[in-house]
Amino acid sequence: MIVIAGPTSQPSTGDAPPGEPVHDDGDDVPTPGDPGPRAIETALERSTRTPGSARGGSHRPEGEITAMFDEIAPDRLNTIMTFGLDRRWRAAAVAASRVGPGDAAIDVAAGTGKLAGALADRVGPFGRVAAVDLSPGMVARGRAATSDLVQLEFVVGNALALPFEDGRFDAATIAFGLRNLSDFGAGFREMRRVVRPGGRVVCLELTLPRPRWWGRVYQVGFGRLAPLAGSIAGRREMYAYLPASLVGFPDAEQLARLMVEAGLVDVTVRRFGLGAVALHTGRAPG
């Protein structure tokens, strides 16, 4: 686990001073891969040579991403490519949110609602979960798939301008959607805004594994695996976007610091999948 203390927090592991990461890769599981396109490998080499050059938002316009996700279901691809292990990681995200019966949670960039549905099970019929996504197609699929959950509401909305008042929720989550936002830091600030003081912000996202050589192997392997899976589904060109979205994406430590800069405290990181997936958790002050 990596612990990065926020501006008003105390370090929560051992004797490590605030801001010093404590590493523990957790329960890693294999991630498949094989050689990939030189263009992706070259971009990766540039990003790993210059750690400070991580981009601050998606390299694709929001409208373009929304139109693409109206046609595909990336939740299904995540399950296929991780051999179902994404379910375990989502369960870890739900646990990290610390919501319970009667609580309110918001899942941002919710897709078809896999994480939102798990949160709804946790808060029960007297709680509330808002699943927000910019893609009307994804929202329609999510509503149809979860119509039996009275506590779950799907809303078409922008992660950078959530249609809810300050402090409305006990927790805010985002799973495999942050890298699609045009401004990563703004996404964290907006999630912090809508949670109550002491509420939690949880981010589950792909990340570049350590060490650098393994990061290169993983990146080029993912660059071949996703389009291959897309070819099977008849959507090769669209699924090629998924590995490309990881090029230049902030690494786990950089993402943790973005959360601190967004005003969150007690920020921690836990890695899964041989370091290829990171679970970030922070708390709103108060």
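Of the 286 residues of the protein chain, 56% count as buried, and the chain is built with eleven helices and eight strands. The structure is a predicted model, with a mean pLDDT of 76 for the protein chain and 58% of its residues at 70 or more.

**Confidence**

- Over residues 7-52 the pLDDT stays under 50, although the model still has 89 contacts beyond four places in sequence for these residues.
- Where pLDDT is low, the predicted coordinates should not be read in detail.

**Nonpolar cores**

- The largest nonpolar core has 33 residues, of which Ile106, Phe164, Leu178 and Phe188 touch the most other members.
- Two or more residues of this core come from each of strands S2 (104-108), S3 (128-133), S5 (169-175), S6 (195-206) and S7 (265-272), and likewise from each of helices H7 (184-194) and H11 (252-261).
- Helix H11 gives the most to this core, with five residues.
- In soluble globular proteins, nonpolar side chains tend to be buried together.

**Surroundings of Leu178**

- Leaving aside residues up to four places away in sequence, Leu178 touches Phe184, Phe188, Cys203, Glu205, Phe249 and Leu255.

**Contacts and surface of the whole chain**

- Among the contacts in the protein chain with a separation of 6 or more, 72% are accounted for by residues 24 or more positions apart.
- The protein chain exposes about 11,900 Å², and carbon and sulfur atoms supply 55% of this area.

Definitions and conventions. Residues are numbered from 1 along each chain as its sequence is written. This is a predicted model: local features need pLDDT of at least 70, side-chain atom pairs count only at pLDDT 80 or more; totals for chains, interfaces and linings use all residues. Side-chain values use heavy atoms; hydrogens and water are left out. pLDDT is the predictor's confidence in each residue, from 0 to 100. Contact means heavy atoms within 4.5 Å. A nonpolar core is a set of buried Ala, Val, Leu, Ile, Met, Phe, Trp, Tyr and Cys residues joined through side-chain atoms within 4.5 Å. Buried means under 20% relative accessible area, exposed over 50%, partly exposed in between (1.4 Å probe, protein chains only). Helices (H or I, at least four residues) and strands (E, at least two) are DSSP runs, numbered from the N terminus. Accessible areas come from the Shrake-Rupley method with a 1.4 Å probe; for residues, only the protein chains shown count as cover.
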